[in-house]
Amino acid sequence: MGSRMKELPLKRILFGPFIICLLMLTACALQKPQTASPAAPTTRDRNFFKSPVTTENEKVEFIAHTENKPMKAYLSMNLPYPPYQVLFEQIQKAEGIALTNRGEAHMTVITPVEYDKVLKKHLNIAEIHKIAEATKIQELPFTPVCIGKGQKELKGKLEKVYFVVVESPALIELRGQIEEAYIKKGGKPQEFVPERFFPHVTLGYSARDLHYEDGVLKNNKSCLYQFQQ
């Protein structure tokens, strides 16, 4: 009996700190987690950037690119620049990088490479533009998906490009009409593939724009920042 009485204070000494630690851990668990302010995109999935497409977007005119020089003839959808200029400035701040751009916004629908290497053999650029204007290319719908990033080493330096990744079944359908016209005039199927298309709007780049031919795919696998929900 005497030994049990001596053990009792020791148990109380050991049990007391255990209760205190348990209470402290419980209090910490019940505290609400602190969240960072969404004022700056410190993580890649932060909803910071606003989609450049709104119902208030101004309408812009179609611009034909028909210059008879290598890599100068192509088809594009012209876009209002102000919302993309905002994204250009935001991405520089978010990434801590100085970028160059052309001071305008567009989506290339038929690339200079596609025209020079394939379509030009049976379909001239004027015919392609005629199809696009008949389809009302400037009014075709599209959905911005995210801001993407591509990079490639050029002259020993890693160069970067940032762009808005876009989805547009309507533009793919337009490319399909161009393929049909190409085949009717003697072109072979699969020489030009309408679905091999990565619609995007280039925001800016460190040295020069990087393209599919550089190994840069401007699709949803390149997403860096999501748009604000």
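Predicted model: local features only at pLDDT ≥ 70, side-chain atom pairs only at ≥ 80, totals over all residues.
E4 and E5 run antiparallel to each other and are joined by 11 bridges. Helix H2 packs on this sheet, where it touches E4, E5, E6 and E7, and its direction makes about 50 degrees with that of E6.

The whole sheet is open and has 4 strands in the order E6-E5-E4-E7, with antiparallel pairing. E6 and strand E7 (223–226) stand at its edges; each has a single partner strand, so one side of each is left without a neighbour in the sheet. From one strand to the next, the twist averages 25 degrees.

Strand E5 (residues 157–167) and E6 are antiparallel and are joined by 5 bridges. Among the residues concerned, Phe163 has Thr202 in E6 as its bridge partner. How many of the residues of strand E6 (residues 200–205) are buried? The count is 6 of 6, and the strand is thus described as mostly covered.

Helix H2 can also be viewed through one of its residues. Gln92 lies in this helix, which spans residues 82–95. Is Gln92 buried or exposed? With a relative accessible area of 19%, Gln92 counts as buried, because the cut-off for that class is under 20%. Leaving aside residues up to four places away in sequence, Gln92 touches Ile97, Ala98 and Leu99.

A second sheet is also present. This open sheet is formed by 3 strands in the order E1-E2-E3, and their pairing is antiparallel. Strand E1 (65–66) and strand E3 (105–110) are the edge strands, each pairing on one side only. Strand E2 (residues 73–79) pairs with E3 over 5 bridges in the antiparallel sense, and Leu75 stands opposite Ile110 in E3. Helix H5 (residues 169–184) lies across E2 and E3, and runs at about 40 degrees to E3.

Met71, in the loop between E1 and E2, has a positive phi of about 65 degrees although it is not a glycine. Lys136, in the loop between helix H4 (125–134) and strand E4 (143–154), is not a glycine either, and its phi is positive at about 60 degrees. As for accessibility, Met71 is partly exposed, with a relative accessible area of 42%, whereas Lys136 is exposed, with a value of 53%.

Attention now turns to empty space. Rolling a probe the size of a water molecule over the atoms shows where such space is left. The largest pocket holds about 810 Å³ of space. Its lining has 36 residues, and those closest to the pocket centre are Thr108, Thr111, Pro112, His200 and His211. Which elements each supply at least two residues of this lining? They include H2, E3, helix H3 (112–117) and E6. Sorted by class, the lining of the largest pocket has 20 nonpolar, 7 polar and 9 charged residues.

Methods
Residues numbered from 1 in each chain as written. Heavy atoms only, no water. Buried < 20%, exposed > 50% of the residue type's maximum accessible area, 1.4 Å probe, protein only. Contact = heavy atoms within 4.5 Å. Pairing = 2+ DSSP bridges. Axes fitted to C-alpha atoms, helices over the stretch in contact; angles between N-to-C directions. 1 Å grid on protein atoms, 1.4 Å probe; cavity = no way out; pocket = protein on both sides within 12 Å on 5 of 7 lines; lining within 4 Å. Points joined across faces, edges and corners; volume = space filled by probe spheres on them. Nonpolar A, V, L, I, M, F, W, Y, C, P; charged D, E, K, R; others polar.
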